[in-house]
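Work through the exercises below with the sequence and the 3D structure at hand. Try each task before you read its solution.

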Amino acid sequence: MDPDTWQEAREYTPEQLANARTVLEEIRGGRELWQATRRYPQPTGGYLPKHLLVAAYRALVESGEWAPDPGLLARIRMKPVRTLSGVTTVTVLTKPYPCPGKCIFCPTDVRMPKSYLPDEPGARRGLQHHFDPYDQVRSRLEALEAVGHPTDKIELLILGGTWSAYRRDYQEWFVRRCFDALNNPVDPYAHEEQAGFQPAETIDAAHQLNETAFHRNVGLVIETRPDEITPNELAWLRKLGVTKVQMGAQSLDDRILELNQRGHLAADTLRATALLRAAGFKIVLHWMPNLLGATPDSDREDFARLWVPASGGLGYNPDEIKIYPCQLLANADLYAYWERGEYQPYTQEELIALIADVKPGIPSYCRVNRVIRDIPSTNVVAGNKRTSLRQDVQLELERRGQRCGCIRCREIRGQPVDPAALHLEDFTYFPASAEEHFLSYVTPAGQIAGYLRLSLPDAAAPRLDQPAARFDGMPDLEGAALIREVHVYGQSLPVGAEMSGAAQHIGLGTALIQHAERIACEKGFARLAVIAAVGTRPYYLSRGFERGDLYLVKGIERRD
Ligand code: SF4
């Protein structure tokens, strides 16, 4: 059970809290959580919920009876996988709004932003809060606090149709209100706004406040279409504090794109990835097998295009991908094609075989975030209805004796790290107009403890016939090598908490930055620019970076 508000957690009776205390004492004494809770079934049936244990723990700490015990809290936390990469993601939805796209597979529901369904987890919360950004972020922070998740490092994931299609004044207000919610610390005991909290009047002021706020923003993600990406748009996204862009590529085959009325070509996706990379953004592509006109074999070929140079020697090479097999929904235009017998979804077996075929070929620098969209199966008219597709594919790979080498399948998560055993790998590849170095610290077992993405723009390379791609409005980028991401794993720990050996606390980030600096210097760059999320600016400022216009920048020189 996942309480939506802390208020709910406060309504426990003294008897329940006393019961919870007994269970906590047993856990402190070494008993497993599940064993301890089963020894004390509730009179009404069932066992003590974890949020009650967290509430009792907090009350004991608050009263001074118990000293803070992050280890105990870690053991009773719910769904730890959500924060294992060191950062907690908070999803917010924009208001219902039309999208310039006419994609035939995309559902329409007037209550929701384009492409979302009201009963999708995450999307549902947006609807419940009338798409108010402040309320969405607050309620999520409160729910996370109530179940004991650290909330000090927050990635904001803004979803809803095409972000760039919304009016810019709405965009700015939306982001500012998200930051207002982050800047007003959630007090799980009071459940009310901090006295004297003043919302920021401008986005810059909201950003400034977040640099020292309790809930720091460590990433800001929006989703848009490839044909919306221009240098001007990217400068605007930087002004908002965006660090990562999700785009629907869907297919890299113009015939399939046209059949499905995507309204853009594969070349637009290629150009957009090159521009995003040149401006230091992290790039997430959505790829959709089983579109109208595709076959499992054509999808295999299409997936391979993501990683090899396209015409002109340029590559897409996304940092992350979401594999969203096309799902047949009654409120999408594709439904009529299916009714006429012009479209047939793959069977579950075909889909599992297809994804198991392509997954082992994913390069080590890419993370597969999803292999199916979280659409409740009741909405799916025909074809795959299993939401456990990722696990099904995993089992199929195990049966074949194969492994996926993507970042997600190799990240170390919350395990302790022995720094002495780590070795540094530098995987170099050449996407459109750049030389990329994926630097990672890897354990002897091949797990990733931390990584950095260094992009060396190729000044001599043609910028895809786009002179404007020189980013005249972004002087920070002139002649600079770019750090696009620094990511160190470890449980998302609250400030001041200690967890021996957790990767975030042994200076891997600093070591990676120093290595990137060395490479950039050797390649003749005199400056580094980092696309720092607003809440991470102090981290870079304390490592020699200075404030630029839209990036943090640092002059570099050879030190040998
Ligand atoms: S661009 Fe995206 S949101 Fe817009 S219609 Fe196409 S799939 Fe739907």
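**Exercises on helix H8 and its sheet**

What covers the buried residues of H8? Start with the cover: it includes strand E1 (88-93), helix H7 (133-146), strand E2 (153-159), helix H9 (203-210), strand E3 (216-224) and helix H10 (231-240). Helices (H or I, at least four residues) and strands (E, at least two) are DSSP runs, numbered from the N terminus. Contact means heavy atoms within 4.5 Å.

The model is predicted: local features need pLDDT of at least 70, side-chain atom pairs count only at pLDDT 80 or more, and totals for chains, interfaces and linings use all residues. Residues are numbered from 1 along each chain as its sequence is written, and side-chain values use heavy atoms, without hydrogens and water.

**Task 1.** Find how many residues of H8 are buried.

*Solution.* Apply the cut-off: buried means under 20% relative accessible area, exposed over 50%, partly exposed in between (1.4 Å probe, protein chains only). The count is 12 of 16. Among them are Tyr170, Phe174 and Leu182.

**Task 2.** Give the strand order of the sheet and find its edges.

*Solution.* The open sheet has seven strands, ordered E1-E2-E3-E4-E5-E6-E7, with parallel pairing. E1 and strand E7 (367-370) are the edges; each has a single partner strand, so one side of each lacks a neighbour in the sheet. Strands pair if DSSP finds at least two bridges between them.

**Task 3.** Examine the pairing of E3 with E4.

*Solution.* E3 and strand E4 (residues 244-250) pair in the parallel sense over four bridges. In E4, Lys244 is the bridge partner of Val221.
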